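Please open the model in your viewer and keep the selection panel at hand. The tour goes from one selection to the next and says what is there at each stop.

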There are 2 protein chains.
Amino acid sequence: MTGSPTPGSVAAWVALMRAQTATLARIEADLDGAGLPPLAWYDVLLELRRAERASKRLRQRDLQAALLLAGYNLSRLLDRMAGAGLVAREPTPDDRRGIDIVPTAEGRAMRRRMWPVYARALGHHVGRHFDAAEATTLATLLERLR
Amino acid sequence: MTGSPTPGSVAAWVALMRAQTATLARIEADLDGAGLPPLAWYDVLLELRRAERASKRLRQRDLQAALLLAGYNLSRLLDRMAGAGLVAREPTPDDRRGIDIVPTAEGRAMRRRMWPVYARALGHHVGRHFDAAEATTLATLLERLR
DNA sequence: CCTATATCGATGCGATTGCAACGATATCGC
DNA sequence: GCGATATCGTTGCAATCGCATCGATATAGG
């Protein structure tokens, strides 16, 4: 047998693809409309802030794992962000293969500038559609697909 | 106020991004591993079959709307698929700007060849994680983000 | 210690995507 | 009917992604 999946799970998958594509496009459009960089830059800056709050330096490898990003992709994303003056690369103290990524003052400022726009977009394009219980249900179900 | 969205909806959004990215990557890997073309090709071929079943010809514009795909992107996707002999372009009878997209015999065969692999991947990477009620709940919630 | 293997990050190159603009045709408003 | 505007699909070009590979360093096994 070809193992036809349940109709419900096909519907869920199709809905997942479309929801992500459509919502991401709307959020990116809001950021772009405000003259801000793409969402991926925010994700990087947010991870960097989390690390700073925990008084840790973040290795590129760890950033890669946190963002589910291919290594070569992250290398070049950081090229662009470093070019824009938002992050700096420093050698990892105890592993000479490694690079620590640190935010610059401008990088921290950029994250603060992006958040209000991102938050507004999130409320408008996601939060608006769910009450608290629904949002939790949705998050819980989606977690299983990690 | 910056209008912080509810914590639940932020969690739902993050989970949505990760679930889609991770699951899509797994499914694409299964298709690629079976020597088959990307998922987008299947989506096109499926829409074409739907149209044929309804005895309708499908305009490129309608395909674009059905797939939530940018026009220029679809143009070139169809270039590749036509190059592979899977679809053909024909002038729309009543609108000389338009192009009808029709599947070739090879295109229909390719869809039939892709489905078992896709179905297996879907069962493995999506269906496995949900019972019928959960899948329906998930689909229903995600529909709201269209 | 010293070779074999694994990990970390970068890079050359071809494929794909996104943006802006275009040519062709259709539709609208006068 | 006719000029202004909108729609359909394509294309040039730059940015980004994905794959394969590389150089450098670290770790494991004998």
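Helices here (H or I, at least four residues) and strands (E, at least two) are DSSP runs, numbered from the N terminus. On a 1 Å grid over the protein atoms alone, a pocket is an open set of points where a 1.4 Å probe fits, with protein on both sides within 12 Å along at least five of seven lines, and lining residues have an atom within 4 Å of a point.

This is a predicted model, in which local features need pLDDT of at least 70 and side-chain atom pairs count only at pLDDT 80 or more, while totals for chains, interfaces and linings use all residues. Residues are numbered from 1 along each chain as its sequence is written, chains are lettered from A and ligands numbered from 1 in the order in which they are written, and side-chain values use heavy atoms, with hydrogens and water left out.

Stay with the largest pocket, which holds about 960 Å³ of space; a volume is the space filled by probe spheres set on the grid points, which are joined across faces, edges and corners. Of its 35 lining residues, A:M17, A:R18, B:L39, B:D43 and B:L67 are the closest to the centre. The largest share of the lining, 10 residues, comes from α1(A). By type, the lining divides into 23 nonpolar, five polar and seven charged residues, where Ala, Val, Leu, Ile, Met, Phe, Trp, Tyr, Cys and Pro count as nonpolar, Asp, Glu, Lys and Arg as charged, and the others, Gly among them, as polar.

Next, go to the second largest pocket, with a volume of about 790 Å³. Here 26 residues form the lining, and those closest to the centre are A:L39, A:D43, A:L67, B:M17 and B:R18. Two or more lining residues come from each of α1, α2, α4 and α5 of chain A and from α1 of chain B. The lining of this second largest pocket consists of 17 nonpolar, two polar and seven charged residues.

Select α1(A) and α5(A), which pack at an angle of about 145° with their axes 9 Å apart; axes are lines fitted to C-alpha atoms, for helices over the stretch in contact, and angles run from 0 to 180 degrees between N-to-C directions. Where they meet (contact means heavy atoms within 4.5 Å), A:T23, A:R26, A:I27, A:D30 and A:L31 of α1(A) face residues of α5(A) that include A:M114, A:V117 and A:Y118.

Which strand order does the open sheet of chain A have? Its three strands are arranged β1-β3-β2 with antiparallel pairing, and two strands pair if DSSP finds at least two bridges between them. Five bridges join β2(A) to β3 (residues 99-103) of chain A, and A:E90 has A:D100 in β3(A) as its bridge partner. Helix α2 of chain A lies across β1, β2 and β3 of chain A, at about 95° to β3(A).

Finally, select the strands of chain B, where an open sheet again has the order β1-β3-β2. There β1 (58-59) and β2 (87-91) of chain B stand at the edges with a single partner strand each, so one side of each is left without a neighbour in the sheet.
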